[in-house]
Amino acid sequence: MLDKLRIPERHYLHEGHSLRSWLLTKDHKRIAIMYLMSISVMFFIGGLFAVGIRFELATPQGDFVTADTYNKFFTMHGIIMVFFFLIPSIPAVLGNFLIPPMIGARDLAFPRINLLSLYIYWIGGIFTIYAMITGGVDTGWTFYTPYSAAGSNSHVIPVALGIFIAGFSSILTGLNFIVTIHRMRAPGMTWFRLPLFVWAHYATSLVQVLGTPVIAITIVMLFVERAFGFGIFDPARGGDPVLFQHLFWFYSHPAVYIMILPALGVTSELVSTFSKKTIFGYSFVAFSSLAIAIFGFIVWAHHMFVAGISTYSAMVFSFLSFSVAIPSAVKVFNWTATLYKGAVSFETPMLYAYGFIGLFAIGGLTGLFLATLGLDIHVHDTYFVVAHFHYIMVGGAIMGYLGGLHFWWPKITGRMYNNFFSKVSAIMVFVGFNITFFPQFVVGYLGMPRRYHSYPDEMQVLNVMSSAGATVLGLGYVLPVIYFLLSLRRGRVAGPNPWGASGLEWQTQSPPLTENFVEIPIVTGEPYEYDHVPAKESHLV
Amino acid sequence: MSNVVAHAGQHADSPSRAHHRALQHHFDTMPQQKEAAVIGMWVFLLTEILFFGGLFVAYMIYRIWYFDAFAEASRSLSLFWGGLNTAVLIGSSLTMAMAVRGAQTNKRKATVNWLILTMILGCVFLGVKVIEYSDKFEHHHVPGPNFVWASEHAAPVAEGGAEHTPAPEAAAGHRKLSLTPSQLQRTTQIYFSLYFTMTGLHALHMIIGIGLMSVITWMAWKGRFDEEYYTPVELSGLYWHFVDIVWIFLFPLLYLVERHT
Amino acid sequence: MTIFGIPIFPDQASTFAKDVDTLYFFILTVCSFFALTVAILVVYFGLRYRRKREGQTGARIEGSLPLELMWSVIPTVIAMVMFGWGASVFYHLRRPPDDAMHIYAVGKQWMWKFQHLEGQREINELHIPAGRPIKVTVSSEDVLHSLYFPSFRTKIDAIPGRYTELWFEASKPGTYHIFCAEYCGTNHAGMIGSVTVLEPQAYQAWLQGGGEGGTMAERGARLFEQHACNSCHLDSGQGRGPSLKNIVGTTVELTDGNTAVVDDAYLRESILTSQAKIVKGFQPLMPTFQGLISEENLLALIEHVKLMSPQASTASGQPAGATPSPNAPKPPARPGEKKQ
Amino acid sequence: MSDHVSPVSLYITIFASLMVLTAVTVGAAFVNLGQFNFLVAMLVAGFKASLVVWYFMHMKYQSHLTKLALAVGLFFLVILLGETMIDYASKDFTPMPPKIDAESEIVKP
């Protein structure tokens with residue numbers, strides 16, 4: 001008979017219930033929870049715009065909303081999803097919560113800066129939501145000049161300010177992680193005993209710290225040009241709009257690696273835990289995260305092959321862009337090899353990991369189409385590109401985020417969510433996603449351009465399929481909110497290690513103490529040792 | 001990379017260690033805390049390097065494309081004020097270094113005095129910038145609709161057919177231009193846009209630096225630092241030296257584009 | 001190609017559409033192969049090594065260097081093949097043949113303005129002959145646009161203040177879409193049009209019909225007089241400006257010693273910024289016409305000057321069978337048209 | 001135990017050399033070196049910056065990690081500058097700023 005598991009008396013959620021104790025906390029776990037709530041709200045708002053877009057595209061004529069409103073829909077969908085959900089999602093929630101316990105530290109290196117990063121995120125969010133409510137912005141999330149500088153008469157400056165501020169929140173999170181991983185590991189926790197989740201976040205922090213300032217300066221230049229009439233990108237005064245694209249994409253391509261790298265880290269953890277087998281080729285998977293982060297910085301102009309850059313530089317960037325595909329392929333092959341001769345169980349997190357591997361593989365491979373010069377001329381700025389980055393962002397980053405949330409939810413709250421409905425939601429998300437975005441590859445190659453609210457009639461069937469899939473996907477996302485909230489009250493007590501995982505964070509109580517460990521552990525074993533771990537899966541049916 | 005976590009199993013509450021009041025609970029020893037703070041500051045300075053780096057990229061490209069406009073506009077800046085500002089800022093770097101040294105050697109009064117001297121030099125720098133900016137406003141050299149650029153090459157702009165006056169042959173000693181007066185009128189605006197963005201951003205960083213230092217001075221006055229805990233002084237010093245380095249690059253780029261005629 | 005009436009593949013209406021599509025199918029097959037292998041392996045391993053009893057752990061396999069090298073080197077090789085093939089198709093797409101027919105496209109907020117050499121101007125409509133390489137020089141008057149012919153598999157951004165160009169050779173007569181692929185504001189979705197590919201004869205018939213305001217070269221000649229260019233640029237060369245007869249394609253000696261080839265860019269520069277390059281032996285007297293001449297008139301003037309040097313005009317793509325314009329000076333010999 | 005305290009004389013010499021180098025860079029600007037003017041200005045500025053970093057910012061006594069961090073930052077700055085230059089160097093085009101205003105034919109939107 002399983003001894004009755006009880007939620008421990010003292011843990012970080014019982015350290016004070018007043019609003020003050022939450023808003024002025026220095027505990028990285030509470031900050032992670034507040035981030036979780038904030039980005040879920042942002043995800044919901046971004047999702048609303050996505051629904052608006054899919055309704056509009058159900059009919060060839062643009063008759064659901066006016067053209068201007070549709071432009072604001074896809075712009076706000078892009079801005080909120082990219083800057084306010086995808087970039088902070090895994091690092092700020094799962095990274096904040098788990099990196100200290102995973103490396104055996106009591107907290108991040110700079111707790112106050114961590115709280116400051118949350119407040120900066122809120123201020124940036126408020127600016128953007130204010131601009132959205134009072135009129136929105138219609139320049140697309142890429143803000144290309146000269147339209148964003150002179151052509152558009154929407155709220156470009158408030159939204160640009162919101163992104164500028166939110167960028168610092170990302171920088172501070174990255175800075176915190178780098179110093180913590182370097183200087184606050186428990187004794188014995190060498191670099192090659194770090195969990196791959198930590199490696200992925202180290203690579204992400206490198207990109208956050210080195211990339212975000214460049215978009216900050218690009219926004220400053222856009223701001224001075226639009227507000228004071230300076231002429232940096234103004235073609236009438238000799239300025240060059242292509243220079244804006246260079247500076248913008250120098251950050252924005254590495255930004256897509258900020259979004260996907262943490263999900264790669266989560267998937268490495270899930271695959272290893274649920275096949276009860278050490279990850280295959282640990283050092284290769286670890287270094288491939290670093291390789292993706294570094295190569296991510298040298299390839300940005302594959303977004304500009306048709307933007308008038310020279311033929312020679314297009315070839316250079318196309319050649320370099322293929323270098324980024326190799327580490328991603330190495331990761332996918334290593335996960336597949338991990339499953340070989342493992343003891344694979346199909347819990348909900350593992351379903352999300354499976355979904356991730358499938359969709360990330362398709363997303364990554366379609367990246368090869370876009371890096372190939374001859375094809376990019378045809379498919380650039382069409383729905384082929386939209387499908388590609390949604391496969392990476394929604395199929396990869398969000399599946400990884402949900403997988404990680406389902407995996408560490410027992411550790412965060414101490415309770416287990418409903419097993420059946422969580423599996424249903426995983427399958428719904430996977431199926432809904434594919435129906436939504438696979439037709440977009442086809443309609444993209446047909447030539448349907450991006451950001452169109454009306455399209456030729458012959459493309460209607462594919463768009464209607466996509467809109468239908470979007471509803472299934474939307475429902476698939478609502479389900480987790482329900483059973484996660486229900487689990488807070490009626491969920492089974494999960495105990496310290498419900499999945500029999502091998503990480504350091506699973507050896508503390510759940511929910512953990514404020515200072516994570518009573519006694520800082522001395523690490524001796526390899527990162528993914530499952531033999532000695534008490535495989536007490538209390539809920540295995 | 002040496003990752004020696006100077007830790008050796010100590011715990012915050014072990015009696016043997018004299019526990020410094022400024023040691024935070026999640027660090028084990030003061031050197032670990034200080035080194036983490038310094039690394040954190042340097043990582044932040046990385047972001048500042050890339051922040052100004054974006055502006056340098058724009059400057060480099062437009063300098064190559066419109067070298068004549070850059071050369072001519074750069075000559076319109078007064079070398080005296082620029083040179084004086086550089087000297088003032090290097091001086092303030094020295095006083096800042098002395099202030100950090102004062103904090104290291106636990107001399108409270110010296111630290112406060114040096115910090116105040118640094119702030120004064122900072123204000124002098126900003127004063128000189130105000131003088132230069134006002135001169136720009138007078139000559140309508142601020143980019144925008146009412147920007148006027150009387151090219152020193154163009155013959156005095158006669159009424160009406162300004163365009164049709166015969167192209168100015170090279171003024172004494174100046175080399176042949178590749179841009180016409182009307183193009184100069186437009187592309188010098190790019191120079192001045194970059195000039196105001198770069199120096200404006202630098203001045204903004206100076207103001208933040210001076211604000212930061214006034215807080216540090218107050219803390220030093222309260223005696224919060226000693227030779228074991230002077231990290232805030234060290235970090236504001238790092239920040240101030242960085243702002244000085246940015247000016248060390250800005251000065252030749254903006255003022256000395258082409259001074260030899 | 002359509003399935004149940006749904007078009008799932010665009011028409012191949014230009015000569016290199018086939019090359020782009022073969023490249024597409026090559027990468028599609030390679031990627032599908034890898035995606036399927038991973039999917040099958042993942043599902044098979046998952047089911048085959050299902051956890052049977054509680055507490056069962058996987059085999060202790062750390063990794064294997066040869067396997068890692070294999071799936072690093074092989075994808076790199078495949079990637080290089082894709083890059084090489086893609087780069088060669090791209091190089092072909094981005095180098096217009098010399099004898100291409102010239103069309104000018106100017107993107108303006110939410111319309112495409114096309115202009116043929118013969119003077120025809122079309123908005124959001126384009127009529128072109130099949131079987132001839134056509135070079136479209138693209139520019140924009142306000143914000144970024146992107147001229148996109150999906151059926152020809154090519155697009156190029158229209159950047160204000162600059163000329164970019166694309167080329168294609170329409171192979172299949174019919175009507176195909178024109179899109180604007182770079183977001184340009186409120187009615188970006190309305191900035192579409194249709195390109196009609198006609199048989200050469202039908203194109204000639206269309207040419208006769210349209211073409212208001214005479215050919216471009218005729219308008220050029222009128223502008224030549226209107227701006228008093230002929231007061232300095234005498235054919236005899238004794239005027240204050242160099243003679244423009246037969247100078248297109250030649251290299252001229254400049255006052256500051258180096259030389260310049262007289263081509264479109266040189267002519268355009270000499271008109272807009274006349275001080276930049278002065279031919280040896282002449283004073284820099286020519287005023288600049290910057291802002292006094294619109295883009296269309298500028299192009300017409302350049303065409304006129306090119307007509308004044310017939311033997312070089314074939315290189316600049318004289319359209320097949322252009323009707324000799326009545327009042328322009330009759331070029332002595334009509335070069336033999338390029339037979340299709 | 002506190003970090004390395006540098007002697008005052010060191011700071012004075014560094015300050016003096018920085019002032020001399022400023023004079024050098026201003027002087028060099030008045031000499032017509034053609035293309036190399038810019039290179040000389042950047043070398044002098046780079047040397048001055050490294051003096052400030054090495055001595056004033058105590059980089060000399062910091063851990064390897066701090067030195068590595070600065071190197072990584074400069075490396076990515078070089079990537080940003082270098083790869084943008086690859087494009088602009090291979091583009092044989094200087095945009096001719098057409099005069100777009102009310103009178104000219106190319107009318108603003």
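Modeller: The model is predicted: local features need pLDDT of at least 70, side-chain atom pairs count only at pLDDT 80 or more, and totals for chains, interfaces and linings use all residues. Residues are numbered from 1 along each chain as its sequence is written, while chains are lettered from A and ligands numbered from 1 in the order in which they are written.

In chain C, residues 24 or more positions apart account for 64% of the contacts with a separation of 6 or more; two residues are in contact if their C-beta atoms, placed from the backbone, lie within 7 Å. Chain C contains seven helices and 14 strands. These elements are DSSP runs numbered from the N terminus, helices being H or I of at least four residues and strands E of at least two. Of the 340 residues of chain C, 40% count as buried, a term that requires 20 or more other C-beta atoms within 10 Å of the residue's own, with 12 or fewer for exposed and partly exposed in between.

Confidence in chain C is given by pLDDT, the predictor's value for each residue from 0 to 100. Its mean in chain C is 81, and 86% of the residues reach 70 or more. Over residues 313-340 of chain C, however, pLDDT stays under 50, and the model has 40 contacts beyond four places in sequence for this stretch.

Chain C also touches chain A, in a contact that takes 73 residues from chain C and 79 residues from chain A. On the side of chain A, helix α10 (residues 311-339) supplies the largest share, 15 residues. That side of chain A divides into 48 nonpolar, 22 polar and nine charged residues. Here Ala, Val, Leu, Ile, Met, Phe, Trp, Tyr, Cys and Pro count as nonpolar, Asp, Glu, Lys and Arg as charged, and the others, Gly among them, as polar.

Within chain A itself, the axes of helix α8 (residues 241-274) and helix α13 (residues 383-413) come within 8 Å and cross at roughly 45 degrees. Axes are lines fitted to C-alpha atoms, for helices over the stretch in contact, and angles run from 0 to 180 degrees between N-to-C directions. The angle therefore makes α8(A) oblique to α13(A); under 35 degrees would count as roughly parallel, over 145 as roughly antiparallel, and 65 to 115 as roughly perpendicular, the rest being oblique. Among the residues making this contact are A:Met259 and A:Val266 of α8(A) and A:Gly396 and A:Phe407 of α13(A). The contact divides into 13 nonpolar, five polar and no charged residues.

Another pair in chain A is helix α2 (residues 28-56) and helix α4 (residues 111-133), which pack at an angle of about 15 degrees with their axes 10 Å apart. α2(A) is therefore roughly parallel to α4(A). Their contact includes A:Ile31 and A:Tyr35 of α2(A) and A:Leu118 and A:Trp122 of α4(A), and its residues divide into nine nonpolar, four polar and no charged.

Chain D has three helices and zero strands. Of its 109 residues, 33% count as buried, and residues 24 or more positions apart account for 41% of its contacts with a separation of 6 or more.
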